[in-house]
Amino acid sequence: MALSPALLHSAASTFHGQFSVRLPSVNISGGRPGGLSVKASTVVLVEKTEAEKVNRLKTTYLEKIIPLLKEEFNYTNVHQVPKVEKIVVNCGIGDAAQNAKGLEAAMNDLALITGQRPIKTRAKKAIATFKIREDQPLGIAVTLRGSMMYSFLDRLINLGLPRTRDFQGVSSNSFDGNGNYSVGFREQSVFPEISYDILGKPRGMDVCIETTANTDKEAHRLLALMGMPFREGAGPTTVLRKKKLKSHHFDSKTKSKQRTKKK
């Protein structure tokens, strides 16, 4: 039986205002004592309203991030502004030599995630202790540049990292001292291109973001403006690394021990 428009209007007006929807409050730290809060930046320039645009991260970098960095760090030339030069995605496969089907499946999964066919990384020399032969495939790798790089970085920041289990932000101390940043994933299923049911053996991967920044502070600011969810707190800290001992240091120690024994 068809209802008249007047009856529909009266029914809608009767229920209007009787129900209210209350959204639950979300605590990023998970309610745990001493939990870490996530803070991408004071101002994230990549807005959600630009989701339908093609290469929105690249457009935002050219139109908004470059003028902001130029003003903040007092760059005299546009070419001095740091930028993301390339992204290298590595995935190690221990049984690549014995399991050819698993290696091919890993290459297909990484091609779905990055949008580019990976290459096989091979051993440069033989190591008998680990049963590794020369030119044996040990993993796969992809090097992204240009529009493909910005597209992957956009999905990494807005899809991959938030879907990580117990995610509390990425560390600010993962810079190498030259403006390059690395982040690791335990499972590739955090990307929506990979189905968790189809994925057999869980595989992780490492993502290395190489920038043209001279310092870690400039690279940290660049990635923060792009939306990288760093943990709230201080920026990158300089880590004092121990000096590696060379062969002549060990030779001097052995000679001194031999002298003491003779005496």
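User: Where does Gly146 lie?
Analyst: Gly146 lies in helix α4; helices here are DSSP runs of H or I with at least four residues, strands are runs of E with at least two, and both are numbered from the N terminus. The model is predicted, so local features need pLDDT of at least 70 and side-chain atom pairs count only at pLDDT 80 or more, while totals for chains, interfaces and linings use all residues. Residues are numbered from 1 along each chain as its sequence is written, and side-chain values use heavy atoms, with hydrogens and water left out.

User: Why is Gly146 called partly exposed?
Analyst: Buried means under 20% relative accessible area and exposed means over 50%, with partly exposed in between (1.4 Å probe, protein chains only). Gly146 has a relative accessible area of 34%, so it is partly exposed.

User: What makes α2 and α4 roughly perpendicular?
Analyst: The axes of α2 (residues 56-72) and α4 (residues 146-160) cross at roughly 100 degrees and come within 8 Å. Those axes are lines fitted to C-alpha atoms over the stretch in contact, with angles from 0 to 180 degrees between N-to-C directions. Angles under 35 degrees count as roughly parallel, over 145 as roughly antiparallel, 65 to 115 as roughly perpendicular and the rest as oblique. The two helices are therefore roughly perpendicular to each other.

User: Which residues of α2 and α4 meet?
Analyst: Contact means heavy atoms within 4.5 Å. On the α2 side the residues are Arg56, Leu57, Lys58 and Tyr61, and on the α4 side Ser147, Tyr150, Leu153, Asp154 and Asn158. By class, this contact has four nonpolar, two polar and three charged residues; Ala, Val, Leu, Ile, Met, Phe, Trp, Tyr, Cys and Pro count as nonpolar, Asp, Glu, Lys and Arg as charged, and the others, Gly among them, as polar.

User: Which residues have the most contacts inside the largest nonpolar core?
Analyst: A nonpolar core is a set of buried Ala, Val, Leu, Ile, Met, Phe, Trp, Tyr and Cys residues joined through side-chain atoms within 4.5 Å. The largest one has 47 residues, and those with the most contacts inside it are Val84, Ile87, Leu153, Met205, Val207, Ile209 and Met226. Its largest share, six residues, comes from α4.

User: What does Ile87 touch?
Analyst: Leaving out residues up to four places away in sequence, Ile87 touches Val142, Thr143, Leu144, Met149, Phe152, Leu153, Val207, Cys208 and Ile209.

User: How do you know that Phe175 counts as buried?
Analyst: Its relative accessibility is 7%, so Phe175 counts as buried. The residue is found in the loop between α4 and β4. Its C-alpha atom is separated by 9.8 Å from that of Cys208, 33 residues away along the chain.

User: Why does Asp166 count as exposed?
Analyst: Asp166 has 57% relative accessibility, so it counts as exposed. This residue also lies in the loop between α4 and β4, and has a positive phi of about 55 degrees although it is not a glycine.

User: What makes Asn74 count as exposed?
Analyst: Asn74 counts as exposed because its relative accessibility is 62%. Asn74 sits in the loop between α2 and β1, with a positive phi of about 60 degrees although it is not a glycine. Most residues other than glycine have a negative phi.
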